[in-house]
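Subject: Structure handover

Hello,

Here is the structure for you to look through. My notes follow below it.

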Amino acid sequence: MELTVTRVTPKAASNTEKPENGIKGLKHWRHDLVAGMIVSLVSVPLSLGIAIASGAPPICGLISAIIAGLVFPLLGGAYCTISGPAAGLAPAIMACIMVLGKGNMEQGYTLVLGVITMAGCLQLLLSHLKAARFSAMFPVIAVEAMLASIGLMIIAKQIPALVGHKGHEHEFFGLMAEAPSNLMQSNATVLFIGVVCLLILFTFPKLLAKTKLRMIPPQLIAVTVGAVLGQVMNIDPKFLINIPADPLKHGIVMPNFVGLFSDPSMWWTIAGCVLTLTLIDGFESLATIMAVDRIDPFHRKSNPDRTLFAMGMSNICSSLAGGLTIIPGGIKSTTNILSGGKTLWANFYNAAFLICYLLIAREYINMIPLAALAAVLIHIGYKLCEPKKWFYAASVGKEQLFLFASTIAVTLYTDLLWGLIYGMAAKLILAWVYSLSSTLERHHGHSPVTARTLWVEFVKLFRNPVAMHDTQDGEHKIRFNGPVVCFNALHVQKELDKIPAGCRKVTLIFAPSVGLVDHTSASNILAFQAECHRLGKLEVEISGLELLRMHSKDASCMRHAHSNGWQHRRHA
């Protein structure tokens with residue numbers, strides 16, 4: 001997964017014309033062509049590595065990136081996002097291939113192509129139903145945990161390629177237990193190349209940060225150095241990429257729909273695979289475009305439902321041509337912005353350059369050691385689960401750290417889908433308990449805990465917490481009177497969308513009856529306030545939130561009512 005996006009500070013005046021996609025965007029072809037060329041140099045190692053990590057032939061990664069570049073610019077609802085195969089989905093695809101193929105990777109891959117096609121069709125349906133808005137209901141910390149789990153799985157699965165010794169395990173804990181023996185039996189040349197590439201990926205971004213060479217992607221440097229070392233050290237060809245001279249000689253690999261539905265006992269497994277890929281692909285796509293929007297120098301806003309539709313079409317086209325799942329990529333999108341890309345045509349030029357590489361540079365691609373690609377993926381995995389993710393979870397409250405750690409544990413023991421379900425369920429129970437506790441404390445514990453009380457508090461978590469909204473003299477007031485949590489975030493967003501265009505000030509009032517504001521909602525509200533302040537068109541004042549008990553010093557932490565705070569708020 002490439003969700004983590006480095007914050008950049010490109011120069012763009014607020015009054016500058018905002019580039020548009022489509023025919024109008026072609027006038028920026030010079031910028032997009034250069035950016036597309038630079039992005040293509042990053043796409044090669046990433047696409048090849050993701051394909052291998054997914055248990056698919058390397059060529060499949062390039063096919064996916066090419067199709068994404070040809071389809072997404074014509075349909076996408078984003079502006080400077082580069083789409084392609086997803087590192088975050090590699091563990092899920094590998095698991096699907098193993099379970100559907102019953103150990104036969106080649107057979108499993110043709111079956112997974114059918115699953116990807118169905119996942120794409122489901123995404124089209126979800127985009128038609130405007131389902132992208134429901135992503136607001138996912139708890140922030142559970143999503144971060146899912147991404148960290150993906151990072152850990154990517155690292156574990158790439159250790160054998162990094163050391164040059166293939167083990168027998170496929171699950172996370174088995175791979176980690178097997179890692180010491182793999183290291184003891186490693187190929188010295190392969191390990192040396194892998195370690196050098198890792199050092200480059202972890203040190204060069206800081207070393208080159210203040211030089212003109214910062215524009216060169218570290219992934220490209222690592223892979224180039226790895227290829228040179230491989231040739232100098234005469235590495236065994238079995239440790240190199242192998243793209244055949246005519247990759248399409250035997251035709252394009254097509255989804256095996258007949259085999260997919262021939263065994264009724266596998267239908268539930270197939271349904272689980274489709275749901276897993278749809279949810280992860282869809283959510284990562286939406287999360288990535290939002291992250292990329294934050295660093296877009298022109299501050300353009302992507303269309304989530306349109307992006308979901310584009311991803312669905314891209315997945316269908318990719319799978320029918322033997323390619324992998326497709327999502328917007330954080331690393332490539334950041335590279336695009338840093339390189340001056342202005343529209344989605346940069347994605348198209350990226351695909352055009354990849355086609356050229358396949359036609360005239362296949363021999364050079366085949367010089368890339370698998371260990372170098374493993375290093376690139378391990379670096380991506382580390383960025384998803386690095387220590388600062390854990391420190392952040394701890395900084396917003398002990399309960400958030402518990403949710404983060406336990407969701408990771410469940411995900412690694414089971415799979416991504418069950419991990420996400422657990423994270424949602426655990427967050428729901430936690431919010432339910434705190435909401436009930438706040439209600440009881442507000443009544444000084446005199447109210448008995450009955451089945452009806454439990455049910456009422458549970459339903460509150462999904463109801464619209466806004467009791468009043470009114471506009472007078474250019475000021476729009478929104479009054480909350482119930483728990484404000486991720487599960488009713490859609491209602492809150494609708495209320496914010498109703499703010500009249502002519503307003504100069506918005507006041508968000510948290511009444512004494514608000515017993516809980518969770519971390520996700522606090523983050524969203526503070527982000528809304530910061531965005532309005534940045535635009536300078538709307539003043540946002542928040543009243544009553546400061547009287548709720550904070551669970552940490554972080555402004556976005558969970559807050560719940562307590563008796564003293566409630567007394568202050570009642571008399572305010």
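Buried means under 20% relative accessible area, exposed means over 50%, and partly exposed lies in between (1.4 Å probe, protein chains only). Helices are DSSP runs of H or I with at least four residues, numbered from the N terminus. The buried residues in H6 are Phe172, Gly174, Leu175, Glu178, Ala179 and Asn182.

Please keep in mind that this is a predicted model: local features need pLDDT of at least 70, side-chain atom pairs count only at pLDDT 80 or more, and totals for chains, interfaces and linings use all residues. Residues are numbered from 1 along each chain as its sequence is written, and side-chain values use heavy atoms, with hydrogens and water left out.

Back to H6. It covers residues 172-184, which is 13 residues. The expected span is 1.5 Å times one less than the number of residues. Where is the kink in H6? It lies at Glu178, shortly before the proline Pro180, and is about 40°. The bend at a residue is the angle between axes fitted to the seven residues ending there and the seven starting there.

Next, Ser149, which sits in helix H5. Is Ser149 buried or exposed? Its relative accessibility is 0%, so Ser149 counts as buried. Contact means heavy atoms within 4.5 Å. Leaving aside neighbours within four places in sequence, Ser149 is in contact with Thr407, Ile408, Thr411 and Leu412. The C-alpha atoms of Ser149 and Phe404 are separated by 9.9 Å, although the two are 255 residues apart along the chain. The side chain of Ser149 also reaches the backbone oxygen of Ala145 at 2.8 Å.

Another serine, Ser319, is in helix H11 (residues 304-320). Ser319 is buried too, with a relative accessible area of 0%. Not counting residues up to four places away in sequence, Ser319 touches Leu113, Ile116, Thr117, Val253 and Pro255.

Now the aromatic rings. Rings of Phe, Tyr and Trp (its six-membered ring) pair if their centres lie within 6.5 Å; planes under 30 degrees apart count as stacked, over 60 as edge-to-face and the rest as tilted. How many aromatic pairs does a search of the whole structure find? It finds 11. One of them is Phe202 with Tyr382, an edge-to-face pair at 5.1 Å centre to centre and 75° between the planes. This pair links distant parts of the chain: Phe202 is in helix H7 (residues 188-207) and Tyr382 is in helix H15 (residues 370-385), 180 residues apart. Phe202 is partly exposed at 33% relative accessible area, and Tyr382 is partly exposed at 30%. Elsewhere, Trp432, Trp455, Phe458, Phe462 and Phe487 form one aromatic cluster.

Last, the cores. A nonpolar core is a set of buried Ala, Val, Leu, Ile, Met, Phe, Trp, Tyr and Cys residues joined through side-chain atoms within 4.5 Å. The largest one has 121 residues, and Leu48, Leu100 and Ile365 have the most contacts inside it. Apart from it lies another core of 22 residues, among them Leu508, Val517, Leu538 and Ala561. Leaving aside neighbours within four places in sequence, Ile365 is in contact with Val44, Leu48, Leu62, Ile241, Ile243 and Tyr357.

Best wishes

Definitions and conventions:
Helix = DSSP H or I, 4+ residues; strand = E, 2+ residues; numbered from the N terminus. Polar contact = N/O pair within 3.5 Å; in protein donor to acceptor, adjacent residues only side chain to side chain.
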